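Here's a quick tour of one protein model, from its contacts and outline down to a few individual residues. Have a look at the fold before reading on.

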Amino acid sequence: MVRSYVDKPNCIILAISPANQDIATSDAIKLARDVDPTGERTFGVLTKLDLMDKGTNALDVLEGRAYRLQHPWVGIVNRSQADINRNVDMIIARRKEQEFFASSPDYSHLASRMGSEYLAKLLSQQLEAVIRARIPSITSLINKTIDELESEMDHLGRPIASDAGAQLYLILELCRAFDKIFKEHLDGGRPGGDRIYGVFDNQLPSALRKLPFDRHLSVQNVKRVVSQADGYQPHLIAPEQGYRRLIESALNYFRGPAEASVDAVHFVLKELVRISIGETQELKRFPTLQAELAAACYEALERFREDSRKTTLRLVDMESAYLTVEFFRKLPQEIEKTGPGNPRAANPPPSSDDRYTDAHFRRIASNVSSYIGMVSETLKNTIPKSVVHCQVREAKRSLLNHFYTQVGRKDAKQLAVLLDEDPALMERRLQCFKRLELYKSARDEIDAVAWTR
């Protein structure tokens with residue numbers, strides 16, 4: 001047990017040996033020699049000088065001839081058992097000790113360097129010297145520990161103020177930290193926002209290509225739709241009503257990809273909200289606020305999705321509400337340009353003989369298909385604009401506006417609920433705070449000490 005202490009380089013070793021025993025067999029000296037071979041921190045002390053046989057003395061040891069140490073040996077005389085039994089106080093015992101050395105013919109020349117009081121003074125001087133030598137490293141260690149504790153306190157979060165104003169300010173700061181990370185995901189500073197572009201660049205075009213226009217514009221379906229549109233009186237030149245019905249019913253197919261794009265972007269935004277909350281380190285200590293913030297964000301995203309759905313479907317409805325007449329006006333002109341040099345020109349004007357043949361309905365299907373292709377290209381460009389405007393842009397601008405309004409109406413008790421923390425984390429922060437204050441106090445005391453000789 002003793003070795004575990006004297007092994008430490010900062011420890012001052014007091015090697016005490018009785019004067020009436022051989023110093024060479026002293027256990028204290030042996031242990032001191034093992035852990036401090038240079039003797040820099042070992043002080044030799046001889047006791048029981050008053051109990052030595054008459055005619056003998058310990059001058060060889062006290063004067064360093066028998067065993068030399070870097071520091072001088074000190075002899076002391078403690079209270080005897082009889083003194084202890086008579087309750088002789090320490091002041092009287094020290095006086096008797098001084099008288100012993102002053103009156104001893106063997107030790108009187110060493111009296112100024114003997115005794116418990118001299119030993120205490122010697123050890124105090126050595127302790128001061130050791131401390132002065134160790135101050136820079138101690139200060140460095142304290143400063144390093146303070147920095148580590150400060151960093152841990154920053155990670156754990158500072159104690160929460162009790163007044164409502166400070167609590168509201170803290171909540172708003174936490175929300176702004178989350179909002180900053182969320183926008184970084186959208187703007188490309190963090191990963192995730194590119195998935196929205198993937199919806200427009202891959203998912204939407206793929207969905208448009210998979211629409212069942214081949215089945216819708218089959219000869220049998222075109223013939224059925226045109227015949228139903230004609231009613232009891234067949235069309236005279238071009239089946240305009242049949243065209244309109246075919247186009248309007250075909251345009252309804254675009255509603256599916258339009259809504260799917262809205263939903264896909266909505267789910268990406270929800271996932272980015274979840275990721276951003278997890279990446280906001282300041283929020284980790286407030287699970288209740290995390291849940292409330294996530295709920296508010298999801299509610300806002302639902303509103304944005306509904307607005308986006310209405311706007312995007314309105315784009316599809318506008319294509320159905322007003323057909324691009326210029327497209328159909330160009331068809332006869334293009335047919336005429338094929339001229340007599342190409343008797344098999346595509347889409348020749350139908351005669352009364354072939355008006356109800358499969359070739360005639362195939363021409364109608366081809367014209368409608370061309371028009372649907374034009375609309376598809378248009379919607380492929382306008383649907384992303386609508387989605388970004390109604391969902392992504394609004395998420396960046398006003399994701400937390402409604403939440404800010406709600407938080408601003410809460411009282412101190414309700415704000416405290418939002419800032420409720422994990423008890424284990426609170427206890428950990430309290431212990432860290434106490435250690436930090438203790439180390440700061442130690443640093444201040446060391447800095448205030450004026451070391452003088």
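## Contacts and model

Let's begin with the contacts: among those in the protein with a separation of 6 or more, 80% are between residues 24 or more positions apart, where a contact means heavy atoms within 4.5 Å.

A word on what you're looking at: this is a predicted model, in which local features need pLDDT of at least 70 and side-chain atom pairs count only at pLDDT 80 or more, while totals for chains, interfaces and linings use all residues. Residues are numbered from 1 along each chain as its sequence is written, and side-chain values use heavy atoms, with hydrogens and water left out.

## Overall shape

The radius of gyration of the protein is 48 Å, whereas a compact globule of 453 residues would have one near 22 Å. That radius is taken over C-alpha atoms, and the globule rule is 2.2 Å times the number of residues to the power 0.38. Along the principal axes, the C-alpha trace spans about 155 × 55 × 35 Å.

As for secondary structure, there are 18 helices and three strands; these are DSSP runs numbered from the N terminus, with helices (H or I) of at least four residues and strands (E) of at least two.

## Surface and charge

Of the 453 residues, 38% are buried. Here buried means under 20% relative accessible area, exposed over 50%, and partly exposed in between (1.4 Å probe, protein chains only). The accessible surface comes to about 26500 Å², and carbon and sulfur atoms hold 53% of that; areas come from the Shrake-Rupley method with a 1.4 Å probe, and for residues only the protein chains shown count as cover.

The protein has 64 positive and 62 negative charges, and their mean positions are 3 Å apart. Lys and Arg count as positive and Asp and Glu as negative, leaving out His and the chain ends; each charge is placed at NZ of Lys, CZ of Arg, CG of Asp or CD of Glu.

## Two positive phi angles

Most residues other than glycine have a negative phi. K48 isn't a glycine, yet has a positive phi of about 60°. K48 sits in the loop between strand 2 (42–47) and helix 3 (59–62) and, at 42% relative accessibility, is partly exposed.

N87, also not a glycine, has a positive phi of about 60°. Its loop runs between helix 4 (81–85) and helix 5 (90–103), and a relative accessible area of 66% makes N87 exposed.
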